[in-house]
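Here is a colleague's note for reading alongside the model. Please keep the structure open while you go through the numbered points.

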Amino acid sequence: MSIKEYRPTLAQLRTFVTIAENKHFGTAATKLNISQPSLSQALVALETGLNIQLIERSTRRVIVTPAGEKLLPLAKATLDAADNFLAHAHGATGTLSGPLAIGIIPTIAPYLLPTIIDLVRERYPELELQIIEDQTKHLLQMLRDGAIDCALVAVPTSTAGLNEISLYEEKFRMVVPSNHKYAGREDLVLDDIKDISLLLLDDGHCLRDQVVDLCRQAEYNPMTASHTETRASSLTTVMQLIASNLGCTVIPESAVPIECSRPGVATAKFAPSVSAARRVGIVHRGSSTRSDDFTLLGELITDAFRHVIAQSQ
């Protein structure tokens, strides 16, 4: 069979891409939910058909050959085009139809998802959203592996091969016990962070990094304070600690309606002149052919955000 007659299957291309992204046969087989021998057979069939070595195998590591590196972006683009074809085929008409897997970070998902889902049902009833909530680093890896179509995260991520659509800027609010001296204030400055017992989320949460960055702008290192030994994996747990007078924190404004409705907590705003905010956007593979869909989805998400923020005023 000549190379002109050979046509690789999508399964073979997905095998090559997954191995190249993970640099490990076992991990790739697990992600594709197939056995390792089946994975190896699919790769061998692809390399034999193309008469090119794509992956160099050794007992210690997996290396993508120069030819493989050159063909990898084309393989990804082919898979994205096939996924886009299926997404449109599943929908009745127009864009934003069929399945679309979106990853969302934990400091956005609980607060925007109900409104996002309502708007999707209203505007794009043929869209089948698949939601994955996880930390940014995991979502970006899933995006690179093709496990999800896009991710709603704080931007920029500055990740090679991924494109970003900036959606909105979200202000931060300070959350304090209801009897705290800052409760209800609307003129806080960054230096005021130095005077609170700051509670942070666990490592891996981008909100933790954003709050630490605010502290750096105030020339304050929260890592040196003993109270930072108390950490939590969710904002809900942090709110319970604050209600028990164990500290204060900084949260995105969209979390206020849900997290700050409980007894024992109050909020405070930074002064309008203070830059205390994060930028949120949609991230997708640069090879994806669904950029128009992501733009429409971004507009919907921005509308959902504005609706939620109106409730927090």
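1. Where does Asp202 lie? Asp202 sits in the loop between β7 (200-201) and α7 (206-217), where helices (H or I, at least four residues) and strands (E, at least two) are DSSP runs numbered from the N terminus. Asp202 is partly exposed, with a relative accessible area of 28%; buried means under 20% relative accessible area, exposed over 50%, and partly exposed in between, using a 1.4 Å probe and protein chains only. Leaving aside neighbours within four places in sequence, Asp202 is in contact (heavy atoms within 4.5 Å) with Arg208, Arg231, Ala232 and Ser233. From C-alpha to C-alpha, Asp202 and Glu5 are 54 Å apart in space, and they are 197 residues apart in sequence.

2. A word on the basis of this note. This is a predicted model, in which local features need pLDDT of at least 70 and side-chain atom pairs count only at pLDDT 80 or more, while totals for chains, interfaces and linings use all residues. Residues are numbered from 1 along each chain as its sequence is written, and side-chain values use heavy atoms, with hydrogens and water left out.

3. On the overall picture, the protein has 10 helices and 11 strands, and its C-alpha atoms fill a box of roughly 80 × 50 × 30 Å along the principal axes. Of its 313 residues, 50% count as buried. Among contacts with a separation of 6 or more, 73% are between residues 24 or more positions apart.

4. Arg173 belongs to strand β6 (residues 162-177) and is buried, with a relative accessible area of 4%. Its side chain makes a polar contact with the side chain of Glu253 at 3.4 Å; such a contact is a pair of N or O atoms within 3.5 Å, and within protein one must be able to donate a hydrogen and the other to accept it, while residues adjacent in sequence count only if both atoms are side-chain atoms. Once neighbours within four places in sequence are left aside, the residues in contact with Arg173 include Thr249, Val256, Lys269 and Gln313.

5. How many aromatic pairs does a search of the whole structure find? The search finds 1, where rings of Phe, Tyr and Trp (its six-membered ring) pair if their centres lie within 6.5 Å, and planes under 30 degrees apart count as stacked, over 60 as edge-to-face and the rest as tilted. Tyr168 and Phe305 form this stacked pair, with 3.8 Å from centre to centre and 10° between the planes. The pair links distant parts of the chain, since Tyr168 is in strand β6 and Phe305 in helix α10 (residues 291-312), 137 residues apart. Both Tyr168 and Phe305 are buried.

6. Helix α1 (residues 10-22) and helix α3 (residues 36-50) pack at an angle of about 110°, with their axes 9 Å apart; axes are lines fitted to C-alpha atoms, for helices over the stretch in contact, and angles run from 0 to 180 degrees between N-to-C directions. That makes α1 roughly perpendicular to α3, because angles of 65 to 115 degrees count as roughly perpendicular, under 35 as roughly parallel, over 145 as roughly antiparallel and the rest as oblique. Gln12, Leu13, Thr15, Phe16 and Ile19 in α1 meet Leu39, Ala42, Leu43, Ala45 and Leu46 in α3.
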